[in-house]
Amino acid sequence: MTDKAVLTIGDKSFELPILKGSTGPDVVDVRKWYADSDTFTFDPGFTSTASCESKITYIDGDAGVLLHRGYPIDQLAEKSSFLEVCYLLLNGELPKADEFAKFERNITYHTMLHAQFDRFFEGFRRDAHPMAVMTGAVGALSAFYSDSINVDDAREREISAHRLIAKMPTIAARAFKYTIGQPFVSPRNDLSYSENFLRMCFAVPAEDWVPNPVLTRAMDRIFILHADHEQNASTSTVRLAGSSGAHPFACIAAGIACLWGPSHGGANQEALEMLEQIGSVENIPAFIEGVKKREYKLMGFGHRVYKNFDPRAKVMQTTCHEVLKELGINDPLLEVAMELEKIALSDPYFIERKLYPNIDFYSGITLRAMGFPTNMFTVLFALARTVGWISQWKEMFEDPTRKIGRPRQLYTGATERDYVAIDKR
């Protein structure tokens, strides 16, 4: 028997079914609420509303838990590879050896872009933000790969998913190269996913990129940590765009545009800029007092979902130390970050507000050390999140209960009134 919730409005009571997931909070099914009661629910930001049913990612913000298809993020980051996580998110299970070999080869041999596509970049100004280039370029993929945009064909959906995962590093690296005025570097089939991306970013005609296992592993781990994060703003954007039947290239471009916002994908850049603003350890106490007085914003702490330590932050902190040690970099901002974290975690003001470090706190320092400018941080985020977006899009599209998204509103504008001629106003 299905549990029911009873809601009373005036002298009328309404029964609403309660749905139970495999874990996490139950949800009250309000799909028939409007038809039965002639009222809407009101939830700006959808902070208390489940917009879909999903089997991909689970987050328990209070406990600091993040699971991909049931696997803890820290285990995946330490033991898996990004492409294996891609397979997991897309297909629901970790691949067997032969399945992974086929998948890896398929992705590797899709990394090339159509030769004519390279000329597309020339339409942008040299000083264009790489995210502007990414948004336009990904949307343009449908013009080059129109043979896989029939969303009603399961095989074409799969081909588009593989193409997006494969070509995103190439597009991201070209966006980087274009904005710094360097020639494009083509992918190589003998390199891994992360090796290919780093080489396409940092090799030049006069000097090839030298592989570094520590940096390659760090890049792969960063991709894993950003692969999916449940129904966040950009993922919800992808799902909403896809609900109309839009092809995946358009939907992923919409997700990239949403991710560009500083409250979403740009957060690690803001965290790095905050550390630069603080400058040195002796300036931290004054900065902390300024935060308490609301004179400054504490970036890289707290999260919309996590009310505990972001499980990705622990892995990111370790990765940051490994990268700086490998490169022999004594970054003063790392010292500032560690001291700021120490103070914030022991200060009652931050403890009461559950302001724990999130993934953005250390990722900016790490990416800067690896050679990426701040305007590329969100591009890397988009590259990694593409597999999450396309997995969510695929799941949404294959759901038999899918409907086009149509949120309701609480209207507070003018009521009906008559038109008045301009000479009588």
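Does D360 count as buried or exposed, and at what relative accessibility? The model examined here is predicted, so that local features need pLDDT of at least 70 and side-chain atom pairs count only at pLDDT 80 or more, while totals for chains, interfaces and linings use all residues. Residues are numbered from 1 along each chain as its sequence is written, and side-chain values use heavy atoms, without hydrogens and water.

With a relative accessibility of 10%, D360 counts as buried (under 20% relative accessible area; exposed is over 50% and partly exposed in between, with a 1.4 Å probe and protein chains only). D360 lies in helix 16, residues 360–369 (helices are DSSP runs of H or I of at least four residues, numbered from the N terminus). Leaving aside residues up to four places away in sequence, D360 touches A267, N268 and A271 (contact means heavy atoms within 4.5 Å).

An unreviewed UniProt entry lists D360 together with H303 under "active site"; such annotations may be inferred rather than shown by experiment. The two are spread over 58 residues of sequence, yet cluster in space, with a largest C-alpha distance of 10.1 Å. H303 occupies the loop between helix 12 (284–292) and helix 13 (311–327). Its relative accessible area is 24%, so H303 is partly exposed. Beyond residues up to four places away in sequence, H303 touches H229, R312 and N358.

Elsewhere, P130, V133, M134, A137, V138 and L141 of helix 5 meet residues of helix 6, including L164, K167 and M168.

Notes
Helices (H or I, at least four residues) and strands (E, at least two) are DSSP runs, numbered from the N terminus.
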